[in-house]
Amino acid sequence: MSEPAEFLGAFAQALAGMSLYADGHPARDRAIDAAYEELLELQAKHPHPLFTFLGDEVIFGRLPLREMREWGWSNRLAEAGVQRLEFADHVTRDDFAVFLEDVLSRLTMDGIDTAEARQLRPTAIKFGAVGVRGGGEVQIEEASLPTATITFSLGEEAETIRWLHDEVKQRESLPLAEAEAVVRSLSVAMHGDQQMILPLLQLKQFDQYTTTHSLNVSVLSMALAEYLGLGPVDVRAFGVAGLLHDLGKVRIPIEILTKTGKLTPDERVLMNRHPVEGARLILESEEDLELAAVVAYEHHIMLNGMGYPQVRYRRSCHEASNLVHVCDVYDALRTRRPYRDAWPVDQVLPYIEGRAGLEFDPAYVQAFIAMMRKWEAQVAVVSDERTPLSAPAPGPPPPAAAPEVQPGSN
């Protein structure tokens with residue numbers, strides 16, 4: 001068994017022992033000591049261990065721990081708010097014991113998370129929801145990266161998505177194998193040059209917007225999921241959700257999708273049905289695509305309850321929907337549309353930041369902006385032909401006032 005797995009086993013045994021024995025009992029202390037010793041041995045080879053618990057999957061760093069798949073404690077920890085666990089240097093035995101007490105109180109619902117309790121938490125051990133680093137701050141590496149280059153196009157991927165949309169439109173059948181193949185191909189493109197690259201397809205014709213936008217949102221969603229530390233399986237699941245989020249637009253006439261002027265009330269009603277139509281098309285497929293269906297349904301619901309489809313009772317959207325929503329709006333604003341020019345990055349990012357807490361989940365806004373600041377130089381603008389384009393193309397100068405964004409147009 002690997003060192004990370006050995007530590008997790010001792011960690012679980014310590015929690016179990018602490019739940020059985022009162023404070024000061026020798027058996028309780030022995031369980032804590034054993035887990036602490038395993039942590040020190042782990043840190044001898046991995047000074048800053050980082051674990052992510054995602055359902056039945058346990059990720060150590062960026063790699064899944066195969067031997068810990070379906071480890072019973074993974075779900076319990078995630079449900080208790082411990083999705084991400086990170087250890088810094090010089091964790092003392094006392095710090096480790098305080099940390100175990102905090103986790104145990106979350107698991108047993110005995111603890112109250114007061115400001116005083118938070119002050120007692122050891123700073124060398126950080127834990128929380130996925131995407132939270134350093135007590136809520138997403139770390140940004142300051143090193144500049146070279147401008148990305150890419151030696152291929154996304155012609156086959158774009159053609160596959162156009163074919164997939166035609167299949168859905170004509171037969172109401174979703175070819176999942178092809179969708180997953182496109183996502184795998186995009187993932188390879190993103191990691192094909194020994195550094196992260198964001199290959200974003202350039203729009204050539206307005207009637208191909210849905211194809212272009214779907215591919216770009218898939219790339220951005222996978223990039224953000226990976227930036228937040230999710231494992232490969234979850235990253236690809238987010239990629240499929242991003243790829244299919246606008247599937248319901250196959251039900252909207254092309255003349256509405258490419259209209260240069262403001263939509264009429266009847267056209268707006270039709271446009272606003274695409275999340276429901278997309279979710280229905282996905283759910284009616286024979287495949288297990290609940291996550292993609294949820295994202296298709298929720299990606300236009302705002303954090304403040306506005307947007308569409310309208311919900312009778314205000315509720316939180318799925319984390320995947322919140323993530324894809326940010327990526328969706330970013331690509332929509334960065335793309336030229338029949339009714340407006342493309343926005344430059346230095347206008348899009350402040351717009352998204354200004355909508356945090358209203359339209360977007362602030363945690364994903366913070367992470368997305370940090371990611372784009374880190375990787376913007378790695379954006380490679382590609383075509384859907386055999387000849388790639390230069391990277392990246394500058395946007396137009398920002399207008400004096402922000403142009404109107406048609407709701408639901410992305």
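Reader: How many helices and strands are in the chain?
Author: This is a predicted model, in which local features need pLDDT of at least 70, side-chain atom pairs count only at pLDDT 80 or more, and totals for chains, interfaces and linings use all residues. Residues are numbered from 1 along each chain as its sequence is written, and side-chain values use heavy atoms, with hydrogens and water left out. Helices (H or I, at least four residues) and strands (E, at least two) are DSSP runs, numbered from the N terminus. The chain holds 16 helices and seven strands.

Reader: What percentage of the chain do buried residues make up?
Author: Buried means under 20% relative accessible area, exposed over 50%, and partly exposed in between (1.4 Å probe, protein chains only). Of the 410 residues in the chain, the buried share is 51%.

Reader: What share of the contacts with a separation of 6 or more comes from residues 24 or more positions apart?
Author: A contact means heavy atoms within 4.5 Å. Among contacts in the chain with a separation of 6 or more, residues 24 or more positions apart account for 72%.

Reader: How far apart are the end C-alpha atoms of helix 9?
Author: The expected span of a helix is 1.5 Å times one less than its number of residues. Helix 9 has 13 residues (232-244), so it should span 18 Å. The distance between its end C-alpha atoms agrees with that: 18 Å.

Reader: Which helices do the buried residues of helix 9 pack against?
Author: The buried residues of helix 9 are Val235, Phe238, Gly239, Val240, Ala241, Gly242, Leu243 and Leu244. They pack against helix 6 (155-171), helix 7 (176-190), helix 8 (209-227), helix 12 (274-283), helix 13 (290-298) and helix 14 (319-334).

Reader: Which residues does threonine 211 touch, not counting those up to four places away in sequence?
Author: Threonine 211 is found in helix 8. With a relative accessible area of 5%, threonine 211 is buried. Leaving out residues up to four places away in sequence, threonine 211 touches Ala158, Ile161, Arg162 and His165.

Reader: How many salt bridges does a search of the whole structure find?
Author: Side chains of opposite charge can pair when their charged atoms come close. A salt bridge is a side-chain nitrogen of Lys or Arg within 4 Å of a carboxyl oxygen of Asp or Glu. The search of the whole structure gives 16.

Reader: Is lysine 45, the salt-bridge partner of glutamate 3, buried or exposed?
Author: The closest N and O atoms of glutamate 3 and lysine 45 are 2.7 Å apart. This pair links distant parts of the chain, 42 residues apart, with glutamate 3 in helix 1 (residues 3-20) and lysine 45 in helix 2 (residues 26-45). Glutamate 3 is partly exposed at 28% relative accessibility. At a relative accessible area of 57%, lysine 45 is exposed.
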